[in-house]
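Student: I have a new structure open and would like to learn how to read it. Could you guide me through it?

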Amino acid sequence: MRNYERDSYGEPRKVTCNQCGRVIVKQNGILREDVCCIQKKWGYFSKKDGEIHSFVLCEACYDRFIKGFQVPVTIETETELM
Ligand SMILES: [Zn+2]
C-alpha cells in the first residue's frame, strides 16, 4: 500500500500491510518488525504488460499466504548475519 508520508530522508515513516491493513511504524528509521515487500514488473505474454505491481505483507499475512502454496517456498539460511 502506497504511503506518501515520508521522513527527512525521503523514506516512508510507516508501511501498511496490504492484506490486513495493519500499520508498521518505523522508530529511528527502522521498521519495528520485518515485512515482505513484493514488486513485479509485468511484461510480454501477460495481460498486464508494462504495469508494475507492488505490495507489502506483514509476517503473519505472509505465513498465511505461503501456506496456500502447492509447492513450498524455498528457504535458505543466511550464513553471515550482520
Ligand atoms: Zn498483515
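Student: Before we go on, what should I know about the model?

Tutor: This is a predicted model, in which local features need pLDDT of at least 70 and side-chain atom pairs count only at pLDDT 80 or more, while totals for chains, interfaces and linings use all residues. Residues are numbered from 1 along each chain as its sequence is written, and side-chain values use heavy atoms, with hydrogens and water left out.

Student: Which residues are the protein donors of the zinc ion?

Tutor: Donors are N, O and S atoms within 2.8 Å of the metal (3.2 Å for Na, K and Ca); water is not among the atoms, so sites may look incomplete. Here the protein donors are the SG atoms of Cys17, Cys20, Cys58 and Cys61, lying 2.3 to 2.4 Å from the zinc ion. Their spacing in sequence is C-x2-C-x37-C-x2-C. Distant parts of the chain are linked, with Cys17 in the loop between strand S1 (14–16) and strand S2 (23–27) and Cys61 in helix H1 (residues 59–67), 44 residues apart. Helices (H or I, at least four residues) and strands (E, at least two) are DSSP runs, numbered from the N terminus.

Student: Why is the arrangement around the zinc ion called tetrahedral?

Tutor: Ideal angles for four tetrahedral donors are 109.5 degrees. Four donors count as tetrahedral if all angles lie between 85 and 135 degrees. The four donor atoms around this zinc ion subtend angles of 103 to 117°, so the arrangement is tetrahedral.

Student: Is Cys17 buried or exposed?

Tutor: Buried means under 20% relative accessible area, exposed over 50%, and partly exposed in between (1.4 Å probe, protein chains only). Cys17 has a relative accessible area of 0%, so Cys17 is buried. Cys61 is buried too, at 2%.

Student: Which residues make up the largest nonpolar core?

Tutor: A nonpolar core is a set of buried Ala, Val, Leu, Ile, Met, Phe, Trp, Tyr and Cys residues joined through side-chain atoms within 4.5 Å. The largest one has nine residues: Val15, Cys17, Ile24, Val35, Cys36, Val56, Leu57, Cys58 and Cys61. Strand S4 (35–41) and strand S5 (52–58) each supply at least two residues of this core, and S5 gives the most, with three.

Student: What does Ile52 touch?

Tutor: Contact means heavy atoms within 4.5 Å. Leaving aside neighbours within four places in sequence, Ile52 is in contact with Gln39, Lys40 and Lys41. Ile52 is in strand S5 and is exposed, with a relative accessible area of 52%.

Student: How many aromatic pairs does the structure hold?

Tutor: A pair of aromatic rings is described by the distance of the centres and the angle of the planes. Rings of Phe, Tyr and Trp (its six-membered ring) pair if their centres lie within 6.5 Å; planes under 30 degrees apart count as stacked, over 60 as edge-to-face and the rest as tilted. The structure holds one aromatic pair. Phe65 and Phe69 form this edge-to-face pair, 5.2 Å centre to centre with 75° between the planes.

Definitions and conventions
Four donors count as tetrahedral if all angles lie between 85 and 135 degrees; four count as square planar and six as octahedral if opposite donors are over 155 degrees apart and all others between 65 and 115; anything else is irregular.
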